[in-house]
Amino acid sequence: ADAAAARGWDKIALVDRRTTMADWKHWVAACGEERLVLVSDIVLARRAVKDAEEIALIREAVEIAEEAFEDLVGREVGDFIGETEKDLALHVEMLMQSSGADDQAFPNGVILASGPNSFVCHHVPKDRRIEKGDVVLIDWGAVVEGYRSDLTRMVCVGPPPEKMRDMHLVVKRAVEAAMAAIRPGVMTQEIDTVARQVIAEAGYGDDDFRHGTGHGIGLEIHESPRFMKDPKSEFNRALEPGMVMTVEPGIYLKGLGGVRLETDVLVTEDGCEDLCALDFDWIVIE
């Protein structure tokens, strides 16, 4: 407020989506409410399309996350069995930082969910120990100079159960169909419809796919726009070259677990580029 007064600024812009009530009260007391302008829509719309420097940093964040994952799944089966979800999640974070990440990308840390815990979309790792035969969902990302990556792959300690293999094939088809539909001018809601239709045609319902198909990433892990089901959503907008989005459909069956596959894509002039070199196949630890 003092700096604004010294420069003769009449108005101060606040990103209201990231301003707490306590912050707002402080600003009002310091400046007066009439000087404050809320600008979330303007800021978030400009952040949706990344420039070359931003894209380069996201690429680096993806590469670091890939390297950490390959290191993790290259371990012996005995390194998994008996480990807790918490310990493995912390190990992923350590691997990313040792590979050059400034931090891990998520507000609550790496998502690592084993066995039936994989039913929970944003599971916080617990003290559950990995057992032989467990499916493990790993959702992780790195931060490089403020910019983030966000990936998800499926690991199984031993052969995956037959039902989970079926779910995985369906989710993989949904990812590929969504990526094939991404191009400038397409509304983001339409991409969600493409992925959701693949899952529905395989016999799974809306209750089995409980989140959107993806979201923008950048300085925050969830940015605008988003691949949402609701065409009236404020996050539904036409895709533009330079947008960086996740594609992450999933299927979750209570009592069994969940399968989610996620990659980060760059919208190009005529489609999209997958920024991640990891394939979508099961990683089987034996």
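How many nonpolar, polar and charged residues does the lining of the largest pocket have? In this predicted model, the lining has seven nonpolar, nine polar and six charged residues. The pocket itself has a volume of about 370 Å³. Its lining comprises 22 residues, and those closest to the pocket centre are Ile111, His122, Asp139, His215 and His222.

The largest nonpolar core has 40 residues. Within this core, Ile182, Ile191, Leu239, Val247 and Ile251 have the most contacts. Helices H6 (162-181) and H7 (188-201) each supply at least two of its residues. So do strands E5 (135-140), E8 (151-157), E11 (244-247), E12 (250-253) and E14 (263-267). H6 gives the largest share, nine residues.

Ile182 shows how such contacts reach across the sequence. Leaving aside residues up to four places away, Ile182 touches Ile191, Phe227, Leu239, Val247, Val265, Val267, Gly271 and Cys272. Another core, of 37 residues, lies apart from the largest one. Its members include Leu57, Val92, Val136 and Leu266.

E11 and E14 run antiparallel, joined by four bridges, and Val244 stands opposite Leu266 in E14. E14 and strand E15 (residues 272-274) are antiparallel too, with three bridges. Here Leu266 stands opposite Glu273 in E15. A hairpin of four residues links E14 to E15.

Conventions: Residues numbered from 1 in each chain as written. Predicted model: local features only at pLDDT ≥ 70, side-chain atom pairs only at ≥ 80, totals over all residues. Heavy atoms only, no water. Core = buried A, V, L, I, M, F, W, Y, C linked by side-chain atoms within 4.5 Å. Buried < 20%, exposed > 50% of the residue type's maximum accessible area, 1.4 Å probe, protein only. Contact = heavy atoms within 4.5 Å. 1 Å grid on protein atoms, 1.4 Å probe; cavity = no way out; pocket = protein on both sides within 12 Å on 5 of 7 lines; lining within 4 Å. Points joined across faces, edges and corners; volume = space filled by probe spheres on them. Nonpolar A, V, L, I, M, F, W, Y, C, P; charged D, E, K, R; others polar. Pairing = 2+ DSSP bridges.
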